[in-house]
Amino acid sequence: MSERILIIEDDPRLANLIQVYLVRQGYIVDWHNSGEGAEEKIHQLNPDLVILDVMLPKKSGFDICRDIRGWFANYILIMTASEDNIDEIVGLELGADDYLAKPVEPRLLLARIRALLRRKQIETEKDDVKELVIPLNNKTLIFDNLVIDGENRKVILQEQEIDLTTAEFDLLWLLANNAGNILSRDDIFSQVRGIDFDGSDRSIDSRISRLRRKLLDDPDNPSRIKTVRGKGYLFMREGDSH
């Protein structure tokens, strides 16, 4: 079955070029031309990947990304004409999985799309065989109002269970088991996914961003999962662990 891609882009010429090119590559491609109604379109189609422009009428791509990330489990690739690196940082912090600056070279766009969809296939296959890259045990980790139950794979925050994907739980378990120690992206990538970090894959960063949102950790000033510039990520100890 062909993967479905939704383009949210207000420039009809660019959207048509991308749509025609990707259809020729075997994808099912839909187009929506405004920020207004974009979330409803995503909910209706549930595409495997959304190509999301930042500068949209009615509602920006950043706002759409932020609002859908809590329930949309598939991939978001943000495109913008801005050359400011802060747009890339904002997009990734809001939960985008990748970022491209316009003008977009078609072969590069296709390569990024294929990389994201391959990742989806890998994660689906791992879920299907219930493979756990990180070995679990019956240990429960407690950090103040956060409880991580390794045996039952449950996370309780402020007495409320948090819904995490398999990949998100694995990442949180790894970080929490190494609380107080900095883990590089290479460390995280190799242990969670079983392969080496190649220096360009942003899946770790986007997954960290999702974890922060679900753990109510302020992305601008996180107190639970800290970014240590040039080194990696640090899970902060806030209480006893057992």
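Predicted model: local features only at pLDDT ≥ 70, side-chain atom pairs only at ≥ 80, totals over all residues.

Student: In which sense do strand S1 and S2 pair, and over how many bridges?

Tutor: The general idea comes first: two strands pair if DSSP finds at least two bridges between them. Helices (H or I, at least four residues) and strands (E, at least two) are DSSP runs, numbered from the N terminus. Here strand S1, residues 4–8, pairs with S2 in the parallel sense, over five bridges. Arg 4, for instance, has Ile 28 as its bridge partner in S2.

Student: What is the strand order of the open sheet of five strands, and which strands stand at the edges?

Tutor: The order is S2-S1-S3-S4-S5, with parallel pairing. Strands S2 (28–32) and S5 (98–101) stand at the edges; each has a single partner strand, so one side of each lacks a neighbour in the sheet. From one strand to the next, the twist averages 20°.

Student: Which strands does helix H1 touch where it packs on the sheet?

Tutor: Two conventions are needed: contact means heavy atoms within 4.5 Å, and axes are lines fitted to C-alpha atoms, for helices over the stretch in contact, with angles from 0 to 180 degrees between N-to-C directions. Helix H1 (residues 12–24) touches S1, S2, strand S3 (49–53) and strand S4 (75–80). The direction of H1 makes about 170° with that of S2.

Student: Which residues of H2 are buried, and which are exposed on the other side?

Tutor: Buried means under 20% relative accessible area, exposed over 50%, and partly exposed in between (1.4 Å probe, protein chains only). In H2, Ala 38, Ile 42 and Leu 45 are buried. Seen down the axis of H2, its buried residues fall within an arc of 80°, so they line one face of the helix; the arc is that of the directions from the helix axis to the C-beta atoms. Glu 40, His 43 and Gln 44 are exposed on the other side of H2.

Student: Against which elements do the buried residues of H2 pack?

Tutor: They pack against S1, S2, S3 and helix H3 (61–68).

Student: Where does the backbone show a positive phi in a residue that is not a glycine?

Tutor: Asn 46 has a positive phi of about 45°, just after H2, in the loop between helix H2 (38–45) and S3. Asn 46 is partly exposed, at 47% relative accessibility. Gln 158 has a positive phi of about 50° and lies in the loop between strand S8 (154–157) and strand S9 (160–162). With a relative accessible area of 48%, Gln 158 is partly exposed.

Student: Which residues does a cis peptide bond join?

Tutor: The bond joins Lys 102 and Pro 103, with an omega of about -5°. Pro 103 is in the loop between S5 and helix H5 (106–128).

Student: How many aromatic pairs does the structure hold?

Tutor: In general, a pair of aromatic rings is described by the distance of the centres and the angle of the planes. Rings of Phe, Tyr and Trp (its six-membered ring) pair if their centres lie within 6.5 Å; planes under 30 degrees apart count as stacked, over 60 as edge-to-face and the rest as tilted. The structure holds two pairs. The rings of Phe 143 and Phe 235 have centres 4.9 Å apart and planes at 65°, so this pair is edge-to-face. Phe 143 in strand S6 (residues 140–143) and Phe 235 in strand S12 (residues 232–235) are 92 residues apart, so the pair links distant parts of the chain. Phe 143 is buried at 0% relative accessibility, and Phe 235 is buried with a relative accessible area of 0%.

Student: What are the centre distance and plane angle of the pair formed by Phe 169 and Trp 173?

Tutor: The values are 6.1 Å centre to centre and 15° between the planes, a stacked pair. Phe 169 and Trp 173 are four residues apart in helix H6 (residues 166–177), and are therefore separated by about one helical turn. Phe 169 is buried at 3% relative accessibility, and Trp 173 is buried at 3%.

How values were computed:
Residues numbered from 1 in each chain as written. Heavy atoms only, no water.
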